[in-house]
Amino acid sequence: MAGAEMAVAEMAGTEMAEQESTPTPGPDGAEAWAGISACFIAQTLSDFNPYWLPPAVNEGIREAPITYISPNGNGDGSSPQNPTSFDSLEASDYAYLSLLPGDYNLTANMVPFGRKELVIVSPCRASVLIRTSDMTNFINRDWLVLSGITLEGDESDKPLLNVSGSKQVFIEEFYMNGEGRPIVVAARNVGGILLKNIIIDGGTIGIMTEAVETYLRRVWIKNILGAGVMAFDREKVRTLDLSVLPEASETPKLFASQAVIEGGDTSKSGIV
């Protein structure tokens, strides 16, 4: 797992390449330092930023054909003019998805496609909303990138976003409405995870991480009823009555830069 956290550490120190963009206000008029902060002038992407792609693709060992998705697409996904939908995607080991602007009601099983590597980005940040009545499951990937999406769900006893079991996870330019959820982001038994330009609004626990290394960069967690971030070690997990938690990583590390945590009950909010 050492290579996984090392790659995330390198990515945490690498800024995205300059792109032509116009600033847009974040949710609730938030400053641009956290959350969804920019909207691409071009409404569709012809190429993915190398930042989002795994080393094998950037080194030319494997190609990464983009599949374009729209809420009601009925095409083959080969172009923005001929998009497919989540429900129509076939099982695959590698999936690199560009979401066209719109509102998505997520009913598809997220496990079969991109089973090894999964990249999901929106071409215009703040233009894609994903709603789910259950848990958004992106588990057990070698490489997982989620970028430029607003995610919200109905009230549930499950996490809003589950990335557990993955080796390298990158989540950026994300707004998550966690109201009515016990956990907003669950990262159990993960190698390395980077959360960058994130707003988490509501929920009991903002981020529950057992990653070997967790990086928070420009993260705003607000209206939390319990803890903003819970980073467990093995002994801590053994003392908790949480049967849903598997065994934690042996030596987890948490790195935070420009992180703000605000709780509905400030005596409970913070990093645990």
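Mentor: Two strands pair if DSSP finds at least two bridges between them. Strands (E, at least two residues) and helices (H or I, at least four) are DSSP runs, numbered from the N terminus. In this structure, Y104 stands opposite I130 in β7. This is a predicted model, in which local features need pLDDT of at least 70 and side-chain atom pairs count only at pLDDT 80 or more, while totals for chains, interfaces and linings use all residues. Residues are numbered from 1 along each chain as its sequence is written, and side-chain values use heavy atoms, with hydrogens and water left out.

Trainee: How many bridges join β5 to strand β7?

Mentor: Strands of a sheet pair through backbone hydrogen bonds, either parallel or antiparallel. Here β5 and β7 (residues 128–132) run parallel, with four bridges between them.

Trainee: Along strand β5, which side chains are buried?

Mentor: Buried means under 20% relative accessible area, exposed over 50% and partly exposed in between, with a 1.4 Å probe and protein chains only. In β5 (residues 102–105), G102 and Y104 point to one face and are buried. In the chain of 272 residues, buried residues make up 54%.

Trainee: What does the secondary structure of the chain come to?

Mentor: There are three helices and 17 strands. Five of the strands form an open sheet with parallel pairing, in the order β8-β10-β12-β14-β16. L161 has V185 in β12 as its bridge partner.

Trainee: Which residues have the most contacts inside the largest nonpolar core?

Mentor: A nonpolar core is a set of buried Ala, Val, Leu, Ile, Met, Phe, Trp, Tyr and Cys residues joined through side-chain atoms within 4.5 Å. The largest one here has 55 residues, and I171 and M176 have the most contacts inside it. Strand β9 (residues 143–153) gives this core six residues, the most of any contributor. Apart from this core lies another of seven residues, including I183, A186, I205 and M208.

Trainee: Which residues does M176 touch?

Mentor: Contact means heavy atoms within 4.5 Å. Leaving aside residues up to four places away in sequence, M176 touches L151, L160, L161, V184, V185, I198, I199, I200 and D201. For the chain, 58% of the contacts with a separation of 6 or more are between residues 24 or more positions apart.

Trainee: Which residues line the largest cavity?

Mentor: On a 1 Å grid over the protein atoms alone, a cavity is a set of points where a 1.4 Å probe fits but cannot get out, and lining residues have an atom within 4 Å of a point. The largest cavity is lined by I120, I130, T136, F138, L146, I149, L151, L161 and F174. Three of the lining residues come from β9, the largest share. About 60 Å³ of space lies in this cavity, a volume being the space filled by probe spheres set on the points, which are joined across faces, edges and corners.

Trainee: Which residues lie nearest the centre of the second largest pocket?

Mentor: A pocket is an open set of points with protein on both sides within 12 Å along at least five of seven lines. The second largest pocket is lined by 18 residues, with T67, D76, L89, E90 and S92 nearest its centre. β4 gives the most to this lining, four residues. The volume of the second largest pocket is about 260 Å³.
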